[in-house]
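Let us walk through this structure step by step. Have the coordinates open as you read.

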Amino acid sequence: MNDMTPDRNERKANLKGLGSSRKRVEDLRFTQGKGNYVDDIKLEGMLHGDFVRSPYAHARIKSINTDAAMALDGVLAVLTAKDLEPLGLHWMPTLAGDKQMVLADGKVLFQGQEVAYVVAKDRYIAADGAELVEVEYEELPVLVDPFEALKSDVVLREDLDPKADGAHGPRKHPNHIFTWEVGEKEATEEVLDASDVVAEEMVYYHRTHPCPLETCGCVASMDKVNGKLTLYGTFQAPHAIRTVVSLISGLEEHNIRVISPDIGGGFGNKVGAYPGYVCSVVASIVTGLPVKWVEDRMENLMTTAFARDYWMKGKISATKEGKITGLWCHTTADHGGFDACADPTKFPAGFMNICTGSYDIPTAYLAVDGVYTNKAPGGVAYRCSFRVTEAAYFIERMIEVLAIELNMDAAELRRINFIKQDQFPYTSALGWEYDSGDYHTAWDKALKAVGYDDLRKEQAQRVEDFKAGKTRKLLGIGLTHFTEIVGAGPVKNCDILGLGMFDSCEIRIHPTGSAIARLGTISQGQGHATTFAQILASEIGLPADSITIEEGDTDTAPYGLGTYGSRSTPVAGAATAMAGRKIRAKAQMIAAYMLEVHDDDVEFDVDRFVVKGAPERFKTMKEIAFAAYNQAVPGIEPGLEAVSYYDPPNMTYPFGAYICVMEIDVDTGEHEIRQFYALDDCGTRINPMIIEGQVHGGLTEALSIAMGQEIAYDNMGNVKTGTLMDFFLPTAWETPNYTTDHTTTPSPHHPIGAKGVGESPNVGGVPAFSNAVHDAFKAFGLRQVHMPHDHWRIWKTANDLGLHG
Amino acid sequence: MSKKMQIKLKVNGEDHEFAAEPRELLVHALRERLNLTGSHVGCETGHCGVCTVTLNGKSVKSCTMFVAQADGAELTTIEGMGTPDNLHVLQEAFREHHGLQCGYCTPGMIMRAAKLLEEIPNPTEEEVRFGMAGNLCRCTGYQNIVKSIMAAASELNSAKEAAQ
Ligand code: FES
Ligand code: FES
């Protein structure tokens with residue numbers, strides 16, 4: 001090696017590959033206000049669409065009169081179901097195998113439902129036009145309670161044959177959607193009967209909404225000259241959207257180009273296909289002009305994609321010593337007026353069967369009943385992987401309740417039931433194969449970091465002081481150890497609309513040693529342009545700064561299922577590494593030829609291939625890249641490109657230990673988070689800076705959900721939380737500082753050992769906050785109270801426990 | 001529809017004059033007429049702050065104002081905060097400290113933070129958190145936004161000291 005060669009570590013650092021806290025390449029345009037979000041798109045002659053929406057939650061439509069709207073200067077068209085019917089577009093398929101009205105066909109099933117679509121020259125005229133559409137409704141009885149809906153004679157979905165099976169098997173009642181069962185019912189009931197201790201509780205995870213700061217929207221542009229449709233939109237899954245648009249519109253898929261520009265946060269809100277997209281496409285076809293539709297905040301909260309709304313009845317059993325013997329769960333799932341849940345086809349309740357959590361539970365049973373009600377459709381994975389947050393909340397509450405029943409410390413109860421390190425890969429009673437984990441190490445590290453034993457002492461003293469009238473504040477210690485299941489998923493059992501949930505990466509190395517990689521995913525703030533370049537830098541030995549990452553244009557990117565459910569790193573990240581390895585394999589042959597040795601005589605070293613045993617003889621990747629385009633290597637095609645479609649062999653199972661220390665004012669119901677410690681194990685860490693940012697953000701979404709955020713309905717089906725006035729999003733003032741930490745247990749089946757992290761903090765954060773509230777009142781007999789724990793509800797809890805004297 | 005009014009605005013140092021309906025929101029005028037799309041729309045009810053601009057020296061949520069009310073005003077938007085070769089200290093600090101993710105809230109955050117640092121040049125963390133409470137972010141959990149603003153404050157202060 002000559003003196004000019006930088007040493008290995010320096011060369012490695014120059015790549016800014018795996019493990020580097022590389023600054024984000026996206027930030028330059030964002031900080032200068034030069035992002036390109038969907039509402040920033042302006043096309044020649046562009047029109048605007050706006051909806052007429054139902055004020056009623058359940059009503060028959062007697063008539064729609066569009067004359068006055070059509071007469072308004074600047075209004076070009078008003079679409080109703082009647083106009084869409086000849087095209088077969090008045091209904092559309094949902095991701096869950098159901099169908100949904102695009103525009104109200106005879107009746108409406110939830111408040112805010114789309115009734116007519118007005119197309120006008122600008123957004124103000126479109127809104128004026130919508131005001132002028134006259135709709136005559138006949139109110140029908142409203143069902144907002146899923147338990148009542150299952151007993152009622154009121155039939156919500158008159159379009160469905162009540163005797164026929166639904167997409168997921170038999171239906172028990174006209175308002176019933178499906179029953180999904182996993183595990184062993186009888187065996188579990190026998191275990192419960194025979195166990196020393198059984199704790200039973202109803203755990204409700206309320207309805208909420210992802211509410212990204214940018215709402216959903218699109219611009220549809222039909223070019224009648226060449227027959228091509230371009231659809232820009234806030235799509236978390238652009239390729240799937242292209243296929244859906246093709247299937248329902250009859251346009252051939254090669255004539256459709258879907259582009260996801262910059263997206264202002266998604267969190268699951270932007271996975272589904274919404275009536276606004278269909279209406280905009282139709283309006284563009286009808287008018288021959290581009291049509292923009294962007295929902296406002298109220299429309300966003302009321303209609304596109306709620307999350308959760310799971311009533312989880314649970315039973316958990318254990319020996320006297322605290323060894324868990326069985327888990328039983330029956331969930332009543334409120335899906336709203338249409339079943340539009342975004343879950344892989346074979347999983348109508350998502351991965352709810354991860355509800356055995358981090359624990360070695362020998363026997364378990366889960367049943368989920370989906371129910372129609374007069375609420376908005378959706379059921380998306382709000383910063384979680386398909387009902388994993390519900391599952392984690394359920395088991396982490398059940399553990400706490402069991403600890404009360406056993407009169408045992410909840411940290412200790414967890415410890416004695418964790419799956420042990422040597423049990424991995426571990427097959428759970430509900431059918432998952434956990435890839436890797438070391439729960440005990442993470443748990444002990446977390447307890448030590450917060451000084452758990454001292455906290456418990458302080459808490460006991462606080463209870464004494466409270467009883468003695470010396471303080472009005474209680475102390476809660478919220479514990480959580482969660483295990484997620486992310487990275488959907490193996491094509492053998494995961495698909496959406498029949499599309500296997502693989503993902504993809506295509507790489508082109510340019511002659512001068514820089515590269516472009518395109519992926520089937522799409523960033524909504526996760527920093528893909530930064531991190532995927534890092535994965536590649538480590539694989540192919542070119543600096544991350546020399547690699548452009550491109551996503552979101554279906555004409556150029558390879559097909560993939562998009563970004564949600566923390567699947568980008570586990571699936572597309574793996575595809576990136578695999579495609580990089582193909583590049584490296586070809587580079588090896590070129591290097592060997594250049595160095596005049598056999599292929600096996602060279603080896604990869606950071607950014608070059610060196611002759612084994614003669615490190616002074618090498619070719620850098622940059623040199624090899626050039627050679628790929630200028631040398632005729634016998635038996636090898638010119639160029640240096642690769643593509644990988646990666647079908648993951650298994651899911652990945654990130655985990656973490658979170659502890660929240662909370663002060664609660666018994667008289668005002670206010671809380672203060674004194675400390676929040678979050679330990680995450682997401683396997684190999686690609687960019688620690690970005691991981692930390694994801695954890696901060698996810699915890700804050702968890703804080704919102706646990707402490708105040710909900711989509712609430714009154715009994716007439718009116719949405720009570722339709723603006724940011726009523727729908728809680730914490731500000732910097734209400735948000736605490738978080739302490740982050742980690743352990744690293746790589747995934748054994750992922751090419752770089754990464755597991756995904758974006759959603760862990762939301763999955764683990766909600767039970768941590770909620771358990772802290774419960775824990776504060778435990779000494780006064782509280783077992784279970786439903787979220788969100790806003791000030792009024794906390795005050796009410798204190799009042800119900802008789803703490804107000 | 002009502003009669004149009006003649007509106008004059010000075011934005012980022014440039015004069016503009018156009019006829020607009022009095023009901024037109026200031027944020028729409030900026031975005032649609034002047035193509036300054038860095039100011040975003042997140043709620044149109046004054047809660048989220050992604051539309052924050054500086055108007056006559058004050059932080060204003062441009063969705064809460066009609067363009068007619070801004071007639072004759074002088075405005076700065078994110079597009080007036082720095083150039084690609086010469087970024088504003090806050091723009092640098094947000095990138096350096098990972099104060100953004102999806103970027104949707106970022107222009108509003110930077111506009112508000114710039115004003116805050118004029119109001120309180122040496123703020124405590126509490127003052128930053130309180131002073132930024134009109135701007136929501138769904139991605140970052142604020143921790144790194146606060147860090148970015150604190151870092152920018154000390155940068156600005158040391159630059160000031162050096163100049164003296
Ligand atoms: S859009 Fe102006 S405050 Fe939200
Ligand atoms: S960075 Fe996405 S909302 Fe703040």
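H3(B) and H5(B) are oblique to each other. The reason lies in the angle: the class takes in what is left once angles under 35, over 145 and from 65 to 115 degrees are set aside, and these two axes cross at roughly 45 degrees. This is a predicted model. Helix H3 of chain B covers residues 106-119, and helix H5 of chain B covers residues 143-163. Their axes come within 11 Å. The crossing of H3(B) past H5(B) is right-handed.

Which residues make the contact? H3(B) brings Met109(B), Ala113(B) and Leu117(B). H5(B) answers with Ile145(B), Ile149(B), Ala152(B), Ala153(B) and Leu156(B). Sorted by class, that contact of H3(B) with H5(B) has eight nonpolar residues, no polar ones and no charged ones.

Step back to chain B as a whole. Domain 1 of chain B spans 5-80, and domain 2 spans 89-159. How far apart do the C-alpha centres of the two domains lie? The distance is 22 Å. Domain 1 of chain B puts 17 residues into the contact, and domain 2 of chain B puts in 13. Between them, the two domains of chain B bury about 1,200 Å². Carbon and sulfur atoms give 58% of that area.

Now move to chain A and another helix pair. Helix H11 of chain A runs over residues 388-406, and helix H12 of chain A over residues 410-417. The axes come within 9 Å and cross at roughly 110 degrees. Angles of 65 to 115 degrees count as roughly perpendicular, so H11(A) and H12(A) are roughly perpendicular to each other. Their crossing is right-handed.

From H11(A), the contact draws on Glu396(A), Ile399(A), Glu400(A), Leu402(A), Ala403(A) and Leu406(A). They meet Ala410(A), Leu413(A) and Arg414(A) of H12(A). By class, the contact of H11(A) with H12(A) has six nonpolar residues, three charged ones and no polar ones.

Last comes the interface between the chains. The size of an interface is often given as the accessible area lost when the parts come together. Chain A and chain B bury about 4,600 Å² between them. Carbon and sulfur atoms carry 54% of it. Chain A gives 56 residues to the contact, and chain B gives 51. Which three residues supply more of chain A's buried area against chain B than any other three? They are Thr31(A), Tyr124(A) and Leu213(A), with 16% of that area.

How values were computed
Residues are numbered from 1 along each chain as its sequence is written. Chains are lettered from A and ligands numbered from 1 in the order in which they are written. This is a predicted model: local features need pLDDT of at least 70, side-chain atom pairs count only at pLDDT 80 or more; totals for chains, interfaces and linings use all residues. Side-chain values use heavy atoms; hydrogens and water are left out. Axes are lines fitted to C-alpha atoms, for helices over the stretch in contact, and angles run from 0 to 180 degrees between N-to-C directions. Helices (H or I, at least four residues) and strands (E, at least two) are DSSP runs, numbered from the N terminus. A crossing is left-handed if the near helix is turned anticlockwise from the far one by less than a right angle, and right-handed if clockwise. Contact means heavy atoms within 4.5 Å. Ala, Val, Leu, Ile, Met, Phe, Trp, Tyr, Cys and Pro count as nonpolar, Asp, Glu, Lys and Arg as charged, and the others, Gly among them, as polar. Domain bounds come from an automatic or database domain assignment. Buried area is the accessible area (1.4 Å probe) that two parts lose on being put together, summed over both.
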